[in-house]
Amino acid sequence: MRFLFFFTLMAISCRNSNLGNDKIFLLPNGFPPVSHPDSNQPSSTGLQLGTLLFNDKNLSKDGTISCASCHAVSLAFGSNTQFSEGINGSIGTRNSMPLFNLSWGNFFFWDGRASSLEEQIKDPIQSSIEMGMTEEELVTYIKSSESYVSLFEQAFPDESISLDTTVKALAQYVRSLTSYTSKYDKVKAGEQEFTTMERDGETLFFSEDAECFHCHPSPIFTDFQMHNNGLDSSFSDLGYGSVTGNMVNNGQFKTPSLRNLEFTGPYMHDGRFSTIEEVIEFYDSGVHYSTTLDPLMRNGRDLELNEYQKAALAAFLRTLTDNDFISQHANDASSALIDNELGDK
Amino acid sequence: MLKNILFLSVALGVMHCSSDDDSSSVQPAQVGVQSAISNVNLALDSQSYTHPDGTSYTVSKLSMILTNISLVNSTTGQTLALQAVHCFDQSSNNASFSASHEDSSTEYDTLQFTIGIKSDDFDKVDETTCENMGWPDQLGGGYHYMKFEGYYTPSGGEQQSFLIHTGPTSGGDYTASQSISLGGSYVAADLRITLQSDLNQFFQEPNSISFTDLPSMIMGDASMQSQLQANAANLFTISSVSNGG
């Protein structure tokens, strides 16, 4: 079995040389340009390495958890459970964020505590309730694989195998996860048409009546900023406030993208809402006032949407579902086979 | 052979001189934009300010687009474009910009610019520096001119938020142009100008606007956009100007 895994690694490694950099990180129309960090410019080998690492359960201390365990491709690289399970059955306290269109963000994690993707990725690898690996354990494991060693040498010829280079490869993969082929995109490209209800929902979404668009602007449907959207009047989880230590940030969390909502529930940082309809009800009449409630929430006023408007809004939001994105990545890293082999630690 | 060497030498010499000419660029002009309220520098979330009607308030967000920033010689009418579109966000430390140019001798006495952006300039927007400034197509399309948000506490009341978003309501032009004397004549080379706003201008002259006057749907309110446009006409002053440090 191990031979089969290494054979697969070698096959992918060889395939790398045929991939040009211009064939990865394609920019969708209307999306802002991607700015890769100077210290982590993408390469086809780096991308392939990141893909393998993302799906490798041996990156966790007990060999049970890969990045893909909490960020499943079929769920737009998110999770359908309220809180995800890490090593030794540990349960997290926040919902797993879906991973796509992250090239443009300046805040990572629900509480915005990481300012780069590379910084973000280090956290779950080392977290005692997620993957729980020390850098020494990580490097020892990677160096035990000749194929991994070869890929690291190709991807980072001037750097050693380390936690830093591991997260660089993973970041290259995550930056490549770009969702931009939903029905919404096809309508904007003139390839499809909205139904009447979807169009009415779009009109409402981009109006001041519903006021969705300020935090969720097109085309990415997130402003990547931190907001208190009124989930609570007092906070058991301070969110960004716990990062800055400034009470004006209490209750603020990162705005998630609304793309692929059909895959990414449950919703909010604590996964408190199970359905899109519950989320709409919350914004319609369930917003709680607090002193840090974002000005965009208009002091928590009810939206007073009627039932048709709520249904139209939900219909529009479902046009942001990107099945092509899921299909495109379904076979990344020959996932099932490699997962099984690497899980046999 | 000698002819060829001579030709090559001359050609290299010409190329060398040409290269020297290209590298003798004029020092760029530097324009800094400072936001303040009644001469107190803006500090997001932490500093309390006083509205002209006496209400205390804090500011949580300020982002703005200035366009067609130019130097003008008011006698000859000669202009020098410094920046087509300048977006800044108080939280991003990107308020200043440097403008390269080749004008080393003309003297200018006026700075002119527009608060907001007209449709002719939409294609000049750099989305990476004008993040989240889009104005929905459903409300006329284009870009916000400004986002100015914060909190105030009415007398004897509970803290409330305010939100002032200006822009092209229904496709209209609510931009405000300013032309400010530099108080003397300056060449553009190494010119350093600091523009300073007084955000309280949005609430006074010619239109007095209290926080409670602000409609809940300001982006679609052409009347309020017009009032804010008029008040913005005196938003900025020049706090310093010099040639060189």
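Student: Which residue in strand 11 of chain B does B:Val33 stand opposite?

Tutor: Before the answer, a word on the source: this is a predicted model, in which local features need pLDDT of at least 70 and side-chain atom pairs count only at pLDDT 80 or more, while totals for chains, interfaces and linings use all residues. Residues are numbered from 1 along each chain as its sequence is written, chains are lettered from A and ligands numbered from 1 in the order in which they are written, and side-chain values use heavy atoms, with hydrogens and water left out. Strands (E, at least two residues) and helices (H or I, at least four) are DSSP runs numbered from the N terminus, and two strands pair if DSSP finds at least two bridges between them. Here B:Val33 stands opposite B:Leu195 in strand 11 of chain B, and strand 11 (residues 191-198) pairs with strand 1 in the parallel sense over seven bridges.

Student: Which way does strand 6 of chain B run relative to strand 1, parallel or antiparallel?

Tutor: Strand 6 (residues 97-99) runs antiparallel to strand 1, with three bridges joining the two, and B:Ala29 has B:Ala99 as its bridge partner there. Strand 2 (residues 40-41) is also antiparallel to strand 1, joined by two bridges, and B:Ile37 is partnered with B:Val40. Strands 1 and 2 form a hairpin with two residues between them, and B:Ser38 in the turn has a positive phi of about 50°.

Student: Why is strand 1 of chain B described as largely enclosed by the rest of the structure?

Tutor: In a regular strand the side chains alternate between the two faces of the sheet. Buried means under 20% relative accessible area, exposed over 50%, and partly exposed in between (1.4 Å probe, protein chains only). Seven of the nine residues of strand 1 (residues 29-37) are buried, so the strand is largely enclosed; across the 245 residues of chain B, 46% count as buried.

Student: How many residues does each chain bring to the contact between chain A and chain B?

Tutor: With contact meaning heavy atoms within 4.5 Å, chain A brings 26 residues and chain B brings 26 residues. In chain A, A:Glu208, A:Pro295 and A:Asn299 lose the most area to chain B, together 29% of what that side buries, where buried area is the accessible area (1.4 Å probe) that two parts lose on being put together, summed over both. For the two chains it comes to about 2000 Å², 52% of it on carbon and sulfur atoms.
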